[in-house]
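Q: I would like a close look at one part of this model, and then at how that part sits in the rest of the chain. Please keep to what can be computed from the atoms or taken from a record.

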Amino acid sequence: MILFVNIREQDMVVGGSDTSSNTIEFAMAEIMNQPEILKKAQQELEAVIGKDNIIEESHIHKLPYLQAVMKETLRLHPVLPLLVPHCPSETCIVGGYTIPKGSRIFVNVWATQRDPSIWENPLKFDPERFFNDSKWDFYGSDFNYFPFGSGKRICAGIAMAERMVMYSLATLLHSFNWELPHGEKMDLSEKFGIVLKKKIPLVAIPTPRLSDPSLYE
């Protein structure tokens with residue numbers, strides 16, 4: 001049996017798995033670190049889904065607060081802090097600087113999205129800054145917020161990542177209450193590399209919160 005796989009699709013699946021799981025881990029850590037955010041997210045989930053049902057993909061677009069949580073997570077913890085390197089095919093001038101042909105260009109989106117001249121309280125995890133604000137999207141239309149890059153080389157897996165992260169995060173928050181092991185404190189430090197990771201992996205204890213135990217089967 002011969003299996004043909006589209007290389008672009010294969011790259012999306014392989015590249016999107018690790019980055020999506022890292023985003024979910026950061027989101028869970030930030031949410032658990034602020035119980036009021038956890039409460040708001042779960043209240044929204046209950047209003048849309050109820051406690052006698054499970055999350056479906058059709059629910060995702062009805063969760064604006066959770067969408068804001070995802071956007072804020074990617075602002076503070078972009079999965080590719082320096083994005084994908086760029087290389088100009090011709091010498092060009094950008095912002096008064098000459099960029100020679102063949103240069104390798106890295107864009108520090110991590111620093112841009114924490115710039116205090118752009119963002120109020122930039123180091124605070126605050127989903128409210130994105131709540132019901134259509135100005136900010138994932139498509140690089142504003143260079144103050146572009147966690148997936150911009151232009152022709154923008155991440156091809158935005159739609160997949162958005163659905164995977166939102167669906168997984170919604171399921172975790174809707175189905176369980178979460179707490180840290182007794183005596184532990186939340187650590188939000190980062191480990192830098194090509195992909196941004198949580199320095200100390202998150203360990204959390206889930207408690208079922210749905211009304212019908214059969215929903216967990």
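Where does Ser175 lie?

A: Ser175 lies in helix H5, where a helix is a DSSP run of H or I with at least four residues, a strand is a run of E with at least two, and both are numbered from the N terminus. The model is predicted, so local features are given only at pLDDT of at least 70 and side-chain atom pairs only at pLDDT 80 or more, whereas totals for chains, interfaces and linings use all residues. Residues are numbered from 1 along each chain as its sequence is written, and side-chain values use heavy atoms, with hydrogens and water left out.

Ser175 has a relative accessible area of 8% and is therefore buried (buried is under 20% relative accessible area, exposed over 50%, and partly exposed in between, with a 1.4 Å probe and protein chains only). Leaving aside residues up to four places away in sequence, Ser175 touches Thr207, Pro208, Arg209, Leu210 and Tyr216 (a contact is heavy atoms within 4.5 Å).

Helix H5 covers residues 158–175. The distance from the first C-alpha of H5 to its last is 25 Å over 18 residues, close to the 26 Å expected at 1.5 Å a residue (the expected span is 1.5 Å times one less than the number of residues). Ser175 is one of the buried residues of H5, which also include Ile158, Ala161, Val165, Met166, Leu169, Ala170, Leu173 and His174.

Some of these residues face helix H2. H2 and H5 pack with their axes 9 Å apart, at an angle of about 95 degrees (axes are lines fitted to C-alpha atoms, for helices over the stretch in contact, and angles run from 0 to 180 degrees between N-to-C directions). H2 is therefore roughly perpendicular to H5 (under 35 degrees is roughly parallel, over 145 roughly antiparallel, 65 to 115 roughly perpendicular, and the rest oblique). From H5, Ala170, Leu173 and His174 meet Leu38, Ala41, Gln42, Leu45 and Ile49 in H2. The contact of H2 with H5 has six nonpolar, two polar and no charged residues (Ala, Val, Leu, Ile, Met, Phe, Trp, Tyr, Cys and Pro count as nonpolar, Asp, Glu, Lys and Arg as charged, and the others, Gly among them, as polar).

H2 (residues 35–49) also packs with H3 (residues 64–76), at about 140 degrees and with the axes 8 Å apart. These two helices are therefore oblique to each other. On the H2 side the residues are Ile37, Lys40, Ala41 and Glu44, and they meet Pro64, Tyr65, Leu66 and Val69 of H3. By class this contact has six nonpolar, no polar and two charged residues. Ala41 of H2 takes part in the contact with H3 and in the contact with H5.

H3 is largely enclosed by the rest of the structure, because 12 of its 13 residues are buried. Among them are Lys71, Glu72 and Arg75. The end C-alpha atoms of H3 are 19 Å apart, which agrees with the 18 Å that its 13 residues should span. Ala47 is in H2 and, at a relative accessible area of 68%, is exposed. The C-alpha atom of Ala47 is separated by 10.0 Å from that of Lys62, 15 residues apart along the chain.

UniProt, in an unreviewed entry, places the feature "binding site" at Cys155 (UniProt positions are given in the numbering used here, feature names are shortened, and annotations may be inferred rather than shown by experiment). Cys155 is partly exposed, with a relative accessible area of 35%. Asn121 lies in the loop between H4 and H5 as well, and is partly exposed at 48%. Asn121 has a positive phi of about 45 degrees although it is not a glycine. Leu83, in the loop between H3 and E1, is another non-glycine with a positive phi, of about 55 degrees, and is buried at 13% relative accessibility.

As for the whole, the protein chain has five helices and six strands, in the order α-α-α-β-β-α-α-β-β-β-β from the N terminus. Of its 217 residues, 38% are buried. Of the contacts with a separation of 6 or more, 71% join residues 24 or more positions apart.
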